[in-house]
Structures are given as structure tokens and as C-alpha cells.
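Subject: The structure we talked about

Hi,

Here is the structure I promised to send you. Have a look at it first, and then read on for what turned up in it.

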Amino acid sequence: MNKSFIAQNPSVLWFLAALGLFTLAVTLLSEATGVGFISTSFVKTLGKTLCLCLIAIAMDVVWGYCGILSLGHFAFFGIGGYAVGMWLMYARTEGIVLDSLSGQVIPPTPQEISDAIGNQIFGVVGSSDFPLIWAFADNLFLQLAMVVLIPGLLALVFGWLAFRSRVTGVYLSILTQAMTLALSLYLFQNDSGLRGNNGLSGLQNIPGFEATPQATISIVFFLVSALALGLGYVFFAWVISGKMGSVVKGIRDNEARVRFLGYHVESYKLFIFTITAIISGIAGALYYPQAGIINPGEIAPITSIYLAVWVAIGGRGRLYGAVIGAAFVSLLSSWFTGGGAPDINLGFYTIQWTDWWLVLLGLSFVAVTLFFPKGIGGLFDYLVRKPS
């Protein structure tokens, strides 16, 4: 007798209930409702954390369930951020330019308006011309489509070339890392069309809502991020359940045997790689308007390595483990690097956590890998599923 989706994935209800209660509590205690117990800046931090949890789930599916250690998924996250950031920056700059030119006796021509917008955006890199990749920057719906299409197409092409050549293991990880490095180095150039090292800034200012308080905007983004995380969790739980989930986990455990049984392994791997890249792009599109800025450093290979560390600490191969790992490390990182953790004076040396946080993170990763390979999420196994 076939089990229902919920019976196969009891963690779904637990997760949605916990996420719902958490979302309700943060909303009621935020400055947007007038209570003010939770500051607007911390609401933004929590909203960004939810986005990181979403990409962590995507990473867990591609690595923990399918066995593909991708060191490039944060690149898809960044691409999603750049795609929505281009519209945000264009629309905001257009509003500023139109306000400044509105007092002229002779109305400006469309070309004069375009030149003024281009000068405002690209003057920092010594240019005023719109690159070709900004062709749809004035259209919100097309830019939102790019959030899905560009990461999806890049993952589809890269995955097709890699999987058809049967590149696996550490070699595939190196290839994904090389892809990320190449993209990051290209974006650092001023002629990349995305303002080089300056990146895109002022993304927290939503066009058309200039008069809306940041407290309200932050809680709206928080709610949308929570909704995206909930939907993403349910979607990936569905993907890894049933026959498809069995095949995907079989590929992780013994790819040759699955191929011998007649399954087209490359198609399954390409589907997982592409769909997780698309979800990563969506997570990035929600993250960077809350962060306010995006630059090529966000796409550097080290960020994808951090992502793998989060999943490993949380416990790969269990979706809630990825969420726990991303949330735990992200919030702890904000506390240590934001000055929340007090310095420790040893007399001969003072430990400043802003400098030592990455060392602590690395040691935690090594300790979890050696002594507790199931991660933090392993502690909750018996709470969300019955022992087999």
C-alpha cells in the first residue's frame, strides 16, 4: 500500500507549523505593528536568513540527496540578486532623474532622460552608456523572468556538458567552482556592465514606495521570504519522495547500479541541478533587496563553500537539517561579526570574534564531520520520523 506524501514526509507538517508560528511571532513583535520589540534591522536579518535557508535546502537536495557537491550554487543566488537589482536600481534612478528634470521649461527628450539615467548609474565606472544586458532593466516582469531563466539556462547548459561527459566526484566540484570563479572575476571588471566592484546599491529603496516606512517594507519582505521558504520546502520534499526520490538517492549511493537498472542517470542529475539553481536564483532575488547591495564578492567561490558548510553542520540528507544549519550559522555569524559577542581578554592576547569567527566556523565544520556526521539535524530524526 502506497503511503501518502505527508506519511512519507512527516517533517513537512512540523516544519510548516514551526515556520508559521515563527513568522506570526516576528510579525506581531516588529516595529511595523507598533510593538517594536524586534527592530527593523533584525527583521531584515531574519528575512535574509530565511532566504539563506531556502538556498540551503536547494544545496541539500543537489548534494545530500543526489550526491553532487556543487561549489557554484551561490553563483545562481547572486545572479538572481543581480537580475532584480538591475530593475530596482534603474527604476529608482529614473525617478530621481525625472524629478530633477521636471522643472525645465523645455521637456527633456526620451534620449536625454536615458542618458541622464545611464550617467547616474554608470558614472562611477566612467561610463554613461547602457550595456546590452540592461535592455530589459526598465521592465519589472521581464527582469523577474530573468531571475528564473538565467540561472536555469546556465545550470542546464553547464550540467548537460558535465553530466553527458560523466564528470563526477571531486572533478565535478572543481568544475562548478571554476564556473563560479570565472563569473566572479568577470563581474569584477568595470566593463562587465554591472558596475564592477561597486556592484548595485540602494536596493532597499523600493520604487513607488518611497514614502513607505522601512519597517513596513522589511516585514513584507520577511513574509514573502517565509512564504518562499515554506513553498520551497514542500516542493523539494515532494521531489525527493516517491519513485523520483528513490532514484535520486540511488544515484547518490551507487550511480553505476542505477544506470545498470535502465535509468537515464544524466537526466535525473540535470533536472535536480537545474531546478535547484532556479530556486537558488529566486532566493537571491528576495535576499538582496533586504541586504541593500550586491557586488561580485557575493558570488566568489568561498560563499558556495560556506553554503556546503552550513548544510554539513545542519545535517545533509534531511531538508530540515539544511534549514537548521543555515539559520544557526547565519544568525551566529551576525552575532559574532556584528559586535554582539564580547571580546575575550587573555592577558597576553585579546580574542576579537570579528577576526576569529571564520576560524571557529572552520573548526566547527571539522568537528561535525569527524564526530557527528549527521549534523545538528540528526538530533531531531526521532522526533519527525519513526525509526525503520
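Predicted model: local features only at pLDDT ≥ 70, side-chain atom pairs only at ≥ 80, totals over all residues.

Residues are numbered from 1 along each chain as its sequence is written, and side-chain values use heavy atoms, with hydrogens and water left out.

**A nonpolar patch**

Trp 160 turns up again on the surface, in a nonpolar patch with Leu 149, Ile 150, Leu 153, Leu 156, Val 157 and Leu 161. Together they have about 650 Å² of accessible area (from the Shrake-Rupley method with a 1.4 Å probe; for residues, only the protein chains shown count as cover). Patches are made of residues with over 30% relative accessible area and no salt bridge; like charges are joined within 9 Å, and nonpolar side chains (Val, Leu, Ile, Met, Phe, Trp, Tyr) within 5 Å. Helices (H or I, at least four residues) and strands (E, at least two) are DSSP runs, numbered from the N terminus.

**Salt bridges**

Side chains of opposite charge can pair when their charged atoms come close. A salt bridge here is a side-chain nitrogen of Lys or Arg within 4 Å of a carboxyl oxygen of Asp or Glu. How many salt bridges does the structure hold? There are five.

Arg 166, Glu 255, Arg 259, Glu 266 and Lys 269 are linked in a network of these bridges. In the bridge between Arg 166 and Glu 266, the closest N and O atoms are 3.6 Å apart. Arg 166 is in the loop between helix 6 and helix 7 (169-187) and Glu 266 is in helix 11 (residues 265-291), so this pair ties together parts that are 100 residues apart in sequence. Are the two partners buried or exposed? Arg 166 counts as exposed, at 51% relative accessibility, whereas Glu 266 is buried, at 14%. (Buried means under 20% relative accessible area, exposed over 50%, and partly exposed in between, with a 1.4 Å probe and protein chains only.)

Glu 266 also bridges to Arg 259, with the closest N and O atoms 2.4 Å apart. Arg 259 has another bridge, to Glu 255, at 3.2 Å between the closest N and O atoms. Those two are four residues apart in helix 10 (residues 255-260), so about one helical turn separates them. Arg 259 is partly exposed, with a relative accessible area of 22%, and Glu 255 is buried, at 18%.

**Aromatic pairs**

Rings of Phe, Tyr and Trp (its six-membered ring) pair if their centres lie within 6.5 Å; planes under 30 degrees apart count as stacked, over 60 as edge-to-face and the rest as tilted. By this rule the count is 18 aromatic pairs. Phe 15 and Tyr 233 are stacked, because their ring centres are 4.0 Å apart and their planes are at 10°. This pair links distant parts of the chain, 218 residues apart: Phe 15 is in helix 2 (residues 11-29) and Tyr 233 in helix 8 (residues 214-239). Phe 15 is buried at 11% relative accessible area, and Tyr 233 is buried at 1%.

Phe 122 and Trp 134 make an edge-to-face pair, 5.2 Å centre to centre with 80° between the planes. Phe 122 is in helix 5 (residues 110-122) and Trp 134 in the loop between helix 5 and helix 6, so the pair joins parts twelve residues apart in sequence. Phe 122 is buried at 2%, and Trp 134 is buried at 4%. Elsewhere, Phe 74, Phe 77, Tyr 287, Tyr 288 and Trp 310 form one aromatic cluster.

Enjoy exploring!

Best wishes
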